[in-house]
Amino acid sequence: MECIEQHASFGGTQRVYRHSSQTLSCDMSFAVFVPEHEDGARLPVIYWLSGLTCTEQNFITKAGAQRYAAEHGVILVAPDTSPRGGDVANDEAYDLGQGAGFYLNATEEPWASHFRMEDYVTKELPALIEANFPASDKRSIMGHSMGGHGALTLALRHPGVYKAVSAFSPIVAPTRVPWGEKAFSAYLGANLDAWRAHDATALLATAEERLPILIDQGDADEFLTGQLKPELFVEEANRVGHPVVLRMQKGHDHSYYFIASFIGEHIAHHAAALKA
């Protein structure tokens with residue numbers, strides 16, 4: 001594991017590391033913000049999952065999250081959005097391949113040998129963080145757009161792993177929107193049951209725990225009606241009795257200006273659950 005970037009920030013340290021991932025069979029980068037803390041302390045960890053085309057850089061440079069993580073005494077971890085490299089399969093489109101991992105384990109070639117982001121985020125990366133940083137095993141997860149899809153599905157698919165979950169502008173019903181249909185067809189093939197196993201709305205009915213879900217969505221988001229459809233998720237959550245709060249934020253779009261406006265409230269939401 002090699003530190004390739006380091007900055008002082010709000011009394012803590014923002015770093016970016018590169019390591020060789022056994023899960024993904026390639027080198028991966030991830031960002032870690034560690035706030036100021038007492039010697040010997042073990043801090044809870046919030047995992048952030050970014051959206052299509054992003055890397056770990058978008059969150060750490062645009063969200064303004066370090067200030068709030070420092071205030072609440074939590075570590076922030078932001079992995080890249082997919083495996084990368086010359087030997088990793090890719091596509092010319094922005095919404096498939098490198099930069100578009102969709103936080104699942106692909107079963108179809110040429111993707112299956114590298115695109116195992118679910119295992120990376122839920123297993124390999126936490127083990128690495130807890131072995132090398134002052135991190136406890138208390139975790140929560142949040143994300144944006146494709147990363148919001150990832151945060152919701154991973155929390156629903158892995159009961160007991162996370163203490164809290166939240167999302168900005170998540171793709172909540174990927175089996176019913178173009179982004180999801182394209183990615184799932186490529187990564188998972190024609191098996192619709194496999195698709196539904198990575199659809200947050202479909203997963204609600206069989207969820208084994210009832211973590212309260214916080215979703216922020218801008219009402220001026222250009223992808224709202226065509227790709228995101230949060231109303232589908234809320235309708236199903238209400239039907240099965242799963243707690244969810246959807247906050248429609250007036251005038252906000254899909255950008256990091258939106259995320260930066262409410263990231264403090266999301267980190268407070270996670271910190272309260274992590275420290276309960």
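Does Asp-119 count as buried or exposed, and at what relative accessibility?

Analyst: Asp-119 counts as buried, at 15% relative accessibility. Buried means under 20% relative accessible area, exposed means over 50%, and partly exposed lies in between (1.4 Å probe, protein chains only). Areas come from the Shrake-Rupley method with a 1.4 Å probe, and for residues only the protein chains shown count as cover.

This is a predicted model, in which local features need pLDDT of at least 70 and side-chain atom pairs count only at pLDDT 80 or more, while totals for chains, interfaces and linings use all residues. Residues are numbered from 1 along each chain as its sequence is written, and side-chain values use heavy atoms, with hydrogens and water left out.

Start with the partner. Asp-119 forms a salt bridge with Arg-116, and their closest N and O atoms are 3.1 Å apart. A salt bridge here is a side-chain nitrogen of Lys or Arg within 4 Å of a carboxyl oxygen of Asp or Glu. Side chains of opposite charge can pair when their charged atoms come close. Arg-116 counts as partly exposed, at 27% relative accessibility.

Next comes Glu-118. Arg-157 forms a salt bridge with Glu-118, at 2.8 Å between the closest N and O atoms. That pair links distant parts of the chain: Arg-157 sits in helix α4 (residues 146-157), Glu-118 sits in helix α3, and 39 residues separate them. Helices (H or I, at least four residues) and strands (E, at least two) are DSSP runs, numbered from the N terminus. Glu-118 counts as buried, at 3% relative accessibility. Arg-157 counts as partly exposed, at 31%.

For another pair, look at helix α9. Arg-239 and Glu-236 meet through their side chains in a salt bridge, 2.9 Å from N to O. Both lie in α9 (residues 230-240), and because they are 3 residues apart, about one helical turn separates them. Glu-236 is buried, with 17% relative accessible area. Arg-239 counts as exposed, at 59%. The structure holds 12 salt bridges.

Gly-97 lies in the loop between β5 (75-79) and α3 (117-132). Gly-97 is buried, with a relative accessible area of 0%. What surrounds Gly-97, once its neighbours within four places in sequence are left aside? Its contacts (heavy atoms within 4.5 Å) are Ser-82, Asn-90, Asp-91, Trp-111, Phe-115 and Tyr-187. The C-alpha atoms of Gly-97 and Ala-186 are separated by 9.3 Å, although these residues are 89 apart along the chain.

β5 leads on to the strands. β4 and β5 pair in the parallel sense over 3 bridges. Two strands pair if DSSP finds at least two bridges between them. Tyr-47 has Val-77 of β5 as its bridge partner. β4 also joins strand β6 (residues 135-144) through 6 bridges, and these two strands run parallel. There, Leu-43 has Ala-135 of β6 as its bridge partner. All 7 of the 7 residues of β4 (residues 43-49) are buried, so β4 is largely enclosed by the rest of the structure.

A further buried polar residue is worth a look. Gln-217 is in strand β8 (residues 213-218). Gln-217 is buried, at 0% relative accessible area. Its side chain makes a polar contact with the side chain of Asp-221, at 3.1 Å. A polar contact is a pair of N or O atoms within 3.5 Å; within protein, one must be able to donate a hydrogen and the other to accept it, and residues adjacent in sequence count only if both atoms are side-chain atoms. Beyond four places in sequence, Gln-217 is in contact with residues including Ser-169, Pro-170, Leu-228, Met-248 and Phe-258.

Last, the whole chain. The protein has 10 helices and 9 strands. Of its 276 residues, 58% count as buried. Among contacts with a separation of 6 or more, residues 24 or more positions apart account for 71%. The C-alpha atoms fill a box of roughly 50 × 40 × 35 Å along the principal axes. The protein exposes about 10900 Å², and carbon and sulfur atoms supply 48% of that area.
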